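Work through the following exercises with the sequence and the model side by side, and try each task before you read its solution.

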Amino acid sequence: MEKNKTKLLHKNATIITTHINADFDGIASLLAAQKLYPESFVVFPGAHETSSKSFFVNSMAYLYNMADIDKLDLSAVNRLVLVDTRRKERIGKLSELVNQKDIDIHVYDHHPLVEGDIKPNKEIHEPTGATVTILIHIIKEKGIDISPEEATVMCLGIYEDTGSFTFSSTTEKDLTAAAFLVSKGANLNIVSDMISREITPNQVLILNDMIRSASYYRISGVEVVVTNISTEEFIPDFAFLVHKMLKMESLNAIFSIVRMGSKIYVIARSRISEVNVAEILKPIGGGGHAFAASATIRDKTLAQTESLLIDMLYKKIKSTRQAKDIMSSPAITIDPSITCKQAGQSMTQYNVNALVVTDTNKNKQKLLGFISRQVIEKALYHNLGNVPVREYMSSELATVKTNADISEIQEKIIGNKQRILPVVNNDIIKGVITRTNLLNILVNESRDSSLEKPMPFSKPIHARTRNIKRLMKERIPEHLLKILTSIGKTASEIECSAYAIGGFVRDLFLYRTNEDIDIVIEGDGIAFAKKYAETENIRVHTYEKFGTAVIIFPNGFKIDVASARTEYYKFPAALPTVEMSSIKLDLFRRDFTINTLAIQLSPDNFGVLIDFFSAQRDIKENVIRILHNMSFVEDPTRAFRAIRFEQRFGFTIGKLTSDLIKNAVKMDFFSRLSGRRVFAELRLILEEENPAPALVRLSDYNLIQFIHPLIKISKHLIKLLNSVKKVLSWFDLLFLEESYNKWTIYFLALISRCDMETSVEICSRFELKPDLLKLFSKERLEAENCLYRLKRKLPGDNSRLYKELAVFDTELLLYIMAAAGNKKVEKAVSFYITNLREVSISIQGRDLIDLGMEPGPMFKKIMDDVLKAKLNENIKTKEDELAYAKKLINKL
């Protein structure tokens with residue numbers, strides 16, 4: 001090490017440096033630049049982070065040709081190479097070289113250009129995720145060899161500055177650079193150990209201080225967090241703690257002000273384009289990227305720094321939202337002739353506080369005014385419920401176009417004291433913006449941390465959004481991505497919005513394969529489906545009554561299409577009444593939060609995830625939650641689905657959701673369900689890979705009684721269900737390519753203790769088809785009788801075993817095998833399935849005629865006897881069969 005801590009040994013030397021408090025990207029860039037300038041010296045301008053220093057000194061110092069800055073003769077330097085910075089104030093003592101005219105300055109950097117940057121003689125700048133990425137590509141182009149140790153150091157720089165390729169600033173070049181380094185032997189285990197460092201107890205305390213000091217600001221509709229802490233000591237890895245808080249608290253943007261001794265620093269991170277942290281910190285001497293920046297503040301107190309920062313936030317953060325982004329669409333409208341009482345019922349039905357009044361003539365809506373809940377309630381109080389709304393509506397109202405900004409919307413709603421603001425383009429009502437919508441943008445949303453969030457529309461809701469295009473490319477097959485892209489394009493052409501929704505989106509985040517795609521169209525779903533089918537030259541089936549369609553591709557692949565719709569229930573457990581709606585209301589009618597995710601497919605926003613109801617949080621926390629407290633009142637079958645999803649995904653039903661299921665059972669809402677609806681949910685449970693745990697949960701909630709009161713989940717039944725699972729696994733491993741209904745075998749087990757009368761009663765209530773009724777009653781009892789005989793005494797030969805079992809279909813054979821409870825019987829049935837079931841004879845009736853036998857009743861006896869002989873392995877070939885048949889004929 002001592003030989004590196006010397007003065008420069010020759011004139012006209014090149015030195016390479018980076019910024020003070022160098023991160024791994026800076027350290028990696030120093031090494032990469034040294035490969036491009038072989039005779040150069042590496043100089044650190046000042047302190048670097050503790051973790052970086054430990055790694056550097058203890059592990060990789062031998063890779064660098066270092067010079068000590070305190071022993072450096074600056075007069076011997078004629079070239080200064082800067083990496084990962086171009087700011088004079090960030091290179092410490094070496095800034096003296098910048099002002100020397102004869103110094104040749106080279107810069108390699110990925111930070112945005114800002115005023116006051118050093119003006120180099122040579123500059124290579126690219127907006128990559130890491131500076132070292134730029135240098136690696138030059139090394140690759142020049143064919144310069146690097147060792148595995150060097151590749152590891154460089155790889156560490158890329159991984160840190162791109163957040164292991166998760167930051168928005170990550171580019172394709174970062175990925176290809178990392179791939180090149182891996183090909184050169186980069187040790188990813190070392191990289192992982194350095195990047196995925198554990199948080200220390202002291203860091204936990206600092207993080208707690210940051211969280212407690214957090215202030216939340218809503219500026220132009222964007223939530224920003226500012227933290228403010230003070231310490232007498234230097235805090236290593238403080239930027240790491242800021243990023244940790246950003247992730248832990250699911251923040252959009254954070255600005256952390258920290259006093260360390262006599263210095264004040266501001267570290268900022270952002271996930272959204274509306275908050276460009278580099279631009280915000282630039283006026284106070286900061287720099288960095290749009291998503292990560294920092295500043296060192298001099299000659300100001302903490303309070304002054306915070307005041308200055310907040311002032312900059314209000315100046316720099318401008319909302320990009322327009323009326324089209326926050327409006328509810330389609331607008332819920334009423335005719336001027338309907339009564340005030342009917343208008344009040346509509347407000348309750350749609351859970352809104354104001355309605356737009358329109359007059360429809362020749363399929364064109366004319367905007368007349370609006371009426372509020374307050375006016376309706378006063379009309380009803382004065383017994384004016386039968387008076388048409390035209391008499392009391394507000395006819396003077398402002399409107400905006402779809403491209404109106406927040407300030408115009410605010411002026412018209414607040415200035416005109418208008419509860420609802422129609423959004424109108426070319427005399428067509430595109431949607432409405434309510435005061436609630438506006439307040440949601442302008443005021444801090446409630447930061448309710450409760451585990452359950454019932455009644456989502458009881459307060460303003462705004463969707464969390466994020467771009468998941470990369471995840472889609474990673475998880476969705478290319479042919480499906482092309483289909484989704486074309487769907488978005490077609491929808492856009494007819495001025496509709498298309499979304500992929502439901503289980504398909506949910507399973508992306510659960511890393512489960514699901515190609516069952518549901519598309520929701522904001523607009524006319526049927527019109528879209530017809531247009532898409534015409535464009536792609538494929539088939540489509542439409543269902544006008546429900547506003548749905550099925551698109552059918554040449555290979556048989558299908559996609560369901562529906563218009564965005566809302567549902568309301570006229571009474572508990574009723575089937576829903578469906579009407580056209582917006583994507584928000586469409587998602588609100590879903591059963592559970594985890595099923596409310598939607599992906600935008602329009603070309604401008606393709607891959608943007610929409611999350612109104614904290615679905616991502618619930619998926620992360622493995623919790624099943626309903627959307628509102630009336631969920632099981634409106635549709636009790638959701639309780640069955642809650643249990644099915646809980647067991648399929650290994651989730652837990654949330655406490656409030658669990659309490660509401662119990663309440664629905666207590667209130668006896670399930671008895672109002674039709675047998676067909678109960679059976680539909682039960683069948684879905686029985687079609688799961690392992691339905692036994694779900695059936696146990698049904699029993700826990702006293703829901704099993706709604707199948708039939710006599711069915712009990714006993715130890716015997718659980719053992720039988722587990723035996724069914726074992727038998728089905730065995731059968732599937734035979735790879736017989738034979739289709740059969742697995743659910744029927746579980747159902748046979750479920751009703752195994754029911755007599756004929758009860759079985760028929762259950763099947764009749766479930767409205768099962770005659771063949772299923774026969775299977776679950778008469779044929780099941782015959783199978784159980786057969787099992788009884790087999791358990792008493794197994795047949796002496798193969799032909800007798802065949803005779804016992806040949807009358808049963810696959811489902812009943814597997815049921816017998818599962819219910820055997822006897823290894824010998826189980827083995828006998830499995831032997832029949834694998835060795836005897838497909839045995840047949842080759843000879844036919846004409847062969848017997850050729851042998852001189854007259855057609856008649858004896859034909860069947862001869863054929864049966866030949867089959868018995870073949871089953872018992874007395875004969876094998878067709879010649880054997882003919883010889884044996886001839887022998888039998890001769891005995892007649």
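Helices, here runs of at least four residues, and strands, runs of at least two, are assigned by DSSP and numbered from the N terminus. The model is a predicted one, and by this count its protein chain has 36 helices and 28 strands.

**Exercise 1.** Work out which strands stand at the edges of the sheet that contains β6, and follow how β6 is joined to its partner.

*Solution.* Begin with the order of the 6 strands, which is β6-β7-β8-β9-β11-β10 in an open sheet of mixed pairing. Because β6 (215–219) and β10 (287–288) each have a single partner strand, they stand at the edges, and one side of each is left without a neighbour in the sheet. Next, look at β6 and β7 (residues 222–231), which run antiparallel and are joined by 5 bridges. Within this pairing, arginine 218 has glutamate 223 in β7 as its bridge partner.

**Exercise 2.** Describe the sheet that contains β13, and find the helix that lies across its strands.

*Solution.* The order β12-β13-β14 gives an open sheet of 3 strands, again with mixed pairing. Its edge strands are β12 (333–334) and β14 (364–372), each of which pairs on one side only. Strand β13 (residues 354–361) pairs with β14 in the antiparallel sense over 8 bridges, and threonine 360 stands opposite glutamine 365 in β14. Finally, helix α12 (residues 340–350) lies across β12, β13 and β14, and runs at about 120° to β13.

**Exercise 3.** Compare the radius of gyration of the protein chain with that of a compact globule of 892 residues.

*Solution.* Such a globule would have a radius near 29 Å, whereas the protein chain has 37 Å. As a further step, consider the C-alpha trace, which spans about 125 × 85 × 55 Å along its principal axes.

Note on methods:
Residues are numbered from 1 along each chain as its sequence is written. This is a predicted model: local features need pLDDT of at least 70, side-chain atom pairs count only at pLDDT 80 or more; totals for chains, interfaces and linings use all residues. Side-chain values use heavy atoms; hydrogens and water are left out. Two strands pair if DSSP finds at least two bridges between them. Contact means heavy atoms within 4.5 Å. Axes are lines fitted to C-alpha atoms, for helices over the stretch in contact, and angles run from 0 to 180 degrees between N-to-C directions. The radius of gyration is taken over C-alpha atoms; the globule rule is 2.2 Å times the number of residues to the power 0.38.
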